[in-house]
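Visitor: Hi! I have a model open and would like to talk it through. Could you take me around?
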Amino acid sequence: MIYNILVYPDKKLREVSKNVKKFDDKLHILLNDMYETMIAKEGIGLAAIQIGITKNILLINLADDDGMQKKEDMLEVINPKITHLDGSEIYQEGCLSVPGFYEDVKRAKNITVEYFDRFGNKTVQDLEGLPAIAMQHEMDHLKGHLFIEKLSYLKRKKFEKEWKKKLKSEMDTK
Ligand code: Y12
Ligand code: CO
């Protein structure tokens, strides 16, 4: 099933997600649907809250060196916790919940993250560069935050003005 993606300024995107307790068939169906939705919408990352589900679940599926987005490279991440952060890196981010807007964001370059897979097995991973950035972006969603909150005051004001204009023109053409 392909879900609709919640788009800024939907209030639901500000909700804090809760930990998954049962690693059952229902969770597996949700993870499969999230994957289908992320691919259908041409995303490289998706948090459950973006489809209106307040659970600590996220997917990351970055392209490899040949530009191929392979399912076997996907990270299915449940109840993640960052235990170490260091360095910093600036990357131009985008988000399916803020379609068409991209801006530079500074985040930690290296992280250590602990999480569970779909069967409830615990994993500890060191991530560097783009995977680390994607993980921090998606984990922000689980806390109810969007990357636009990391913009400078002036960039955020400019964004809000342009976003209102875009939403109005979309309403007018309906
Ligand atoms: C680095 C930085 C941020 C992330 C988070 C995951 N972000 C995405 O998956 C963004 C996807 C996206 C897709 C869009 O759609 C198309 O390109 C067709 C898009 O553009 C529009 O919707 C117009 C914007 C964002 C991971 C790694
Ligand atoms: Co996002």
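Visitor: Which residues are closest to ligand 1, and how many surround it?
Guide: There are 17 residues around ligand 1, and the closest are Ile-44, Gly-94, Pro-99, Tyr-102 and Glu-138. A residue counts as near if one of its heavy atoms lies within 4 Å. Keep in mind that this is a predicted model, where local features need pLDDT of at least 70, side-chain atom pairs count only at pLDDT 80 or more, and totals for chains, interfaces and linings use all residues. Residues are numbered from 1 along each chain as its sequence is written, chains are lettered from A and ligands numbered from 1 in the order in which they are written, and side-chain values use heavy atoms, with hydrogens and water left out.

Visitor: What is 2.7 Å from a polar backbone atom of Ile-44?
Guide: That is an oxygen atom of ligand 1. An oxygen atom of ligand 1 also lies 3.3 Å from a backbone N or O atom of Gly-45. On the nitrogen side, a nitrogen atom of ligand 1 sits 3.1 Å from a polar backbone atom of Gly-94. A polar contact here is a pair of N or O atoms within 3.5 Å; within protein, one must be able to donate a hydrogen and the other to accept it, and residues adjacent in sequence count only if both atoms are side-chain atoms.

Visitor: How much of ligand 1's accessible area does the protein cover?
Guide: On its own ligand 1 has 620 Å² of accessible area, and the protein covers 75% of that. The areas come from the Shrake-Rupley method with a 1.4 Å probe; for residues, only the protein chains shown count as cover.

Visitor: Which element gives the largest share of the shell?
Guide: Helix α2 does, with four residues. Both β4 (89–93) and α2 (130–142) supply at least two residues each. Helices (H or I, at least four residues) and strands (E, at least two) are DSSP runs, numbered from the N terminus.

Visitor: And how does the shell split by class?
Guide: Eight nonpolar, five polar and four charged residues. Ala, Val, Leu, Ile, Met, Phe, Trp, Tyr, Cys and Pro count as nonpolar, Asp, Glu, Lys and Arg as charged, and the others, Gly among them, as polar.

Visitor: Switching to rings: how many aromatic pairs are there?
Guide: The count is six aromatic pairs. Rings of Phe, Tyr and Trp (its six-membered ring) pair if their centres lie within 6.5 Å; planes under 30 degrees apart count as stacked, over 60 as edge-to-face and the rest as tilted. Tyr-8 and Phe-159 have ring centres 5.7 Å apart and planes at 45°, so the pair is tilted. This pair links distant parts of the chain, 151 residues apart: Tyr-8 is in the segment before α1 (25–40) and Phe-159 in helix α3 (residues 153–172).

Visitor: Are those two buried or exposed?
Guide: Tyr-8 is buried, at 14% relative accessible area, and Phe-159 is buried at 2%. Buried means under 20%, exposed over 50%, and partly exposed in between (1.4 Å probe, protein chains only).

Visitor: Why does the Phe-101 and Phe-147 pair count as tilted?
Guide: Because the planes of Phe-101 and Phe-147 are at 35°, with the ring centres 6.1 Å apart. Phe-101 is in the loop between β4 and β5 (103–107), and Phe-147, 46 residues away, is in the loop between α2 and α3. Ring pairs join Tyr-8, Phe-101, Phe-147, Phe-159 and Trp-163 into a cluster.

Visitor: What does Glu-93 touch?
Guide: Not counting residues up to four places away in sequence, Glu-93 touches Phe-101, Tyr-102, Glu-103, Val-105, Arg-107, Ile-133, His-137 and Phe-147. Contact means heavy atoms within 4.5 Å. Glu-93 is found in strand β4 and is buried, with a relative accessible area of 3%.

Visitor: Now the backbone. Where is the cis peptide bond?
Guide: It joins Tyr-8 and Pro-9, with omega about 10°. Pro-9 lies in the segment before α1.

Visitor: What is the phi of Glu-42, and of Asn-79?
Guide: Glu-42 has a positive phi of about 60° although it is not a glycine. Asn-79, also not a glycine, has a positive phi near 50°. Glu-42 is in the loop between α1 and β1 and is exposed, at 72% relative accessibility. Asn-79 is in strand β3 (residues 75–86) and is buried, at 11%.
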